[in-house]
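Please read the briefing below alongside the sequence and the coordinates.

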Amino acid sequence: MERETLEDVLFPGLNVVVRQATVVDDSMLVDAACCGPPGPCPLCQHPAARVHSRYWRYIAGLPAGGRQVIVRLRVRRFFCDQSQCRRRTYVEHVAGLTEPRLRASTAARSAMRAVAVELGGRPGQRLCAKLRIHGRRTALYGTVLVDVESSRPVDVLPDRETGTVAAWLQEHPGAEIICQDRPMAFAKAIRQAAPDALEVADRWHLLQNLSTAVEKTCRRHRDCLRRPAGPEASPPLATPDSPLLDRIRRRHAEVNELAATGTRTWQGFSPRRRTEGTVSWSRSWSTCSTGFMRAAPARRSSIARCSPSATPADTTLCTATR
């Protein structure tokens, strides 16, 4: 009986070497590295001879021993030395394990696809959580084709790859207007299989594209937004006068005058009696340079009482004394 290694159990027949496996709670982190020959360039199909750099990729795999498996794979980026090729660098991929721009292994994606076909989004997500498979609700969908005129689904494709969508369009010619999602795979498939069709986007994706563009523009010109205004800058617009603004200005001047004299007062508020015998003030407080001023609670025998008919001027003298 042959003795199997950890590579044979987790990555059978793949050019991957396992460096370390760590178990944390209900998850297993596997450190691995690619050890196969450099693959060809995806554009010119010429094999590479120089390594550009190395970096880590995190890939969700199938569960092992009732634990969720996360593979931290160290991959290599190669130079493409062909002068006629537009690609200067490219990343290697392990057939049967990794796919471009995907964070799940090929086997894990096959399992998630089976769950999505049988159950769908939210029920499939709950089943994936019980099976220790990294399957989110939004990741359990393929490509849903809908007839815009009748608002009825036409077909469901297993993935969002360019070849899958292009093959379906070639089998069903005659599309005049195609409302597509944001992935570039859809645009490439339309250009390949239906070049005469008009590509449009719905309102939700238009607003999303606009918000993304505004966010990128603001981030790019953040220094300009923080730059102080120079002498050549236009003066700020004057605020139109209103009775409310005049009242706020008079109130602000009175508060500043009281703060300058060092008098701590509560103006225009009548006291309320609590059951414990203390006097509390309303929640609207006068402000000054010293911040918010509150009436400190005192003992029942040491509080100066105010009559219900006291004037605002008398109310200002109602203070707690010991």
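In which loop is the place of Arg 132? Arg 132 sits in the loop between α3 (122-130) and β6 (143-147), where helices (H or I, at least four residues) and strands (E, at least two) are DSSP runs numbered from the N terminus. This is a predicted model, in which local features need pLDDT of at least 70 and side-chain atom pairs count only at pLDDT 80 or more, while totals for chains, interfaces and linings use all residues. Residues are numbered from 1 along each chain as its sequence is written, and side-chain values use heavy atoms, with hydrogens and water left out.

**Loop residues**

- Arg 132, a residue other than glycine, has a positive phi near 65°, and it counts as partly exposed because its relative accessibility is 32% (buried means under 20% relative accessible area, exposed over 50%, partly exposed in between, with a 1.4 Å probe and protein chains only).
- Ser 151, in the loop between β6 and β7 (152-157), is likewise a residue other than glycine with a positive phi, near 55°, and it counts as exposed because its relative accessibility is 59%.
- Gly 13 lies in the loop between α1 (6-10) and β1 and counts as exposed, at 78% relative accessibility; its C-alpha atom is separated by 9.1 Å from that of Gly 96, 83 residues apart along the chain.

**Second largest pocket**

- The second largest pocket is lined by 28 residues, of which Leu 145, Val 146, Val 148, Ile 178 and Cys 179 lie nearest its centre (on a 1 Å grid over the protein atoms alone, a pocket is an open set of points where a 1.4 Å probe fits, with protein on both sides within 12 Å along at least five of seven lines, and lining residues have an atom within 4 Å of a point).
- Two or more lining residues come from each of β6, α4 (162-171), β8 (177-179) and α5 (184-193), and β6 gives the most, with 5 residues.

**Nonpolar cores**

- The largest nonpolar core has 15 residues, and those with the most contacts inside it are Phe 11, Val 16, Val 30, Ala 32, Val 71, Leu 73 and Leu 97 (a nonpolar core is a set of buried Ala, Val, Leu, Ile, Met, Phe, Trp, Tyr and Cys residues joined through side-chain atoms within 4.5 Å).
- At least two residues of this core are supplied by each of β1 (16-24), β2 (27-34) and β4 (68-79).
- A second, separate core of 12 residues includes Val 165, Ile 190, Ala 194 and Ala 197.
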